Amino acid sequence: MFHLSYFVVMLVDAQISIFLRDVLPHHPEMLGWLLSGIGLGALATGVYLNRKKQVHHPFRLLSLGLLLFGGALFFISCFNPAVMSRYFILIAAPIGGAGVGLNLLLFNYIVQKYSDKEHLGKVYGFINTLTSVVLLTAPLFGGMIVKVAGAQTTFLAAAIIVAVFGFVSMLMPLRDKPERNVQIDA
């Protein structure tokens with residue numbers, strides 16, 4: 001689940017300047033504003049999780065992160081500058097950032113808390129290998145898709161995939177037990 005969402009994040013992240021060039025060609029400053037909003041959402045999520053002493057159902061929160069990110073991508077992909085102010089696109093940025101923040105932060109906590117201590121190095125080695133593959137392939141794949149389908153269509157498809165995946169994983173039975181909640185030590 002994490003690497004799928006990370007793949008989509010990296011796919012659209014590398015293409016966001018092309019998307020903004022297509023929908024708002026006369027406003028290059030929007031890239032900075034959009035990225036700042038995403039960072040603000042991720043920071044707010046990190047501050048919130050850091051203040052909590054215990055996170056109940058971290059797998060559900062990962063699913064919520066996918067839903068938030070997918071919803072923000074959907075809103076951005078449906079942006080129409082002829083009908084909406086260019087600042088409406090900034091509404092989705094902190095929401096998407098919060099979704100990305102939930103996924104990045106909780107994934108690491110889950111790996112640390114749910115992995116056997118003697119196998120933690122192997123688990124992180126495998127995860128880092130997959131992450132490297134995603135970092136190499138997602139931007140290239142995203143560039144090919146944008147060239148063929150266009151930026152808005154690519155963002156819309158990515159939004160639908162992530163939101164459906166988040167929704168389906170939200171409906172799955174809980175895998176974490178109350179006694180195995182992730183402890184966050186501040």
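Is histidine 57 buried, partly exposed or exposed? Histidine 57 counts as partly exposed because its relative accessibility is 28%; buried means under 20% relative accessible area, exposed over 50%, and partly exposed in between, with a 1.4 Å probe and protein chains only. The model is predicted, so local features need pLDDT of at least 70 and side-chain atom pairs count only at pLDDT 80 or more, while totals for chains, interfaces and linings use all residues. Residues are numbered from 1 along each chain as its sequence is written, and side-chain values use heavy atoms, with hydrogens and water left out.

Histidine 57 sits in the loop between β1 (54-55) and α4 (58-77). Although histidine 57 is not a glycine, it has a positive phi of about 55 degrees.

**Overall architecture**

The protein chain has 7 helices and 2 strands, where helices (H or I, at least four residues) and strands (E, at least two) are DSSP runs numbered from the N terminus. Their order from the N terminus is α-α-α-β-α-α-α-α-β. Of the 186 residues, 38% count as buried. The C-alpha atoms fill a box of roughly 55 × 30 × 30 Å along the principal axes.

**Helix α3**

Helix α3 (residues 29-51) has 23 residues and reaches 33 Å from its first C-alpha to its last, close to the expected 33 Å at 1.5 Å a residue; the expected span is 1.5 Å times one less than the number of residues. Its buried residues are Met30, Leu34, Gly37, Gly41, Thr45 and Leu49. These buried residues pack against α2, β1, α4 and α5, a contact being heavy atoms within 4.5 Å.

**Aromatic pairs**

The structure holds 3 aromatic pairs. Rings of Phe, Tyr and Trp (its six-membered ring) pair if their centres lie within 6.5 Å; planes under 30 degrees apart count as stacked, over 60 as edge-to-face and the rest as tilted. Two of the pairs are tabulated here.

| Pair | Centre distance | Plane angle | Class |
|---|---|---|---|
| Phenylalanine 19 and phenylalanine 155 | 4.7 Å | 15 degrees | stacked |
| Phenylalanine 59 and tyrosine 114 | 5.6 Å | 55 degrees | tilted |

The pair of phenylalanine 19, in helix α2 (residues 16-23), and phenylalanine 155, in helix α7 (residues 151-171), links distant parts of the chain, 136 residues apart. Phenylalanine 19 is buried at 0% relative accessibility, and phenylalanine 155 is buried at 1%.

Phenylalanine 59 lies in helix α4 and tyrosine 114 in helix α5 (residues 89-114), so this pair ties together parts 55 residues apart in sequence. Phenylalanine 59 is buried, with a relative accessible area of 17%, whereas tyrosine 114 is partly exposed at 22%.
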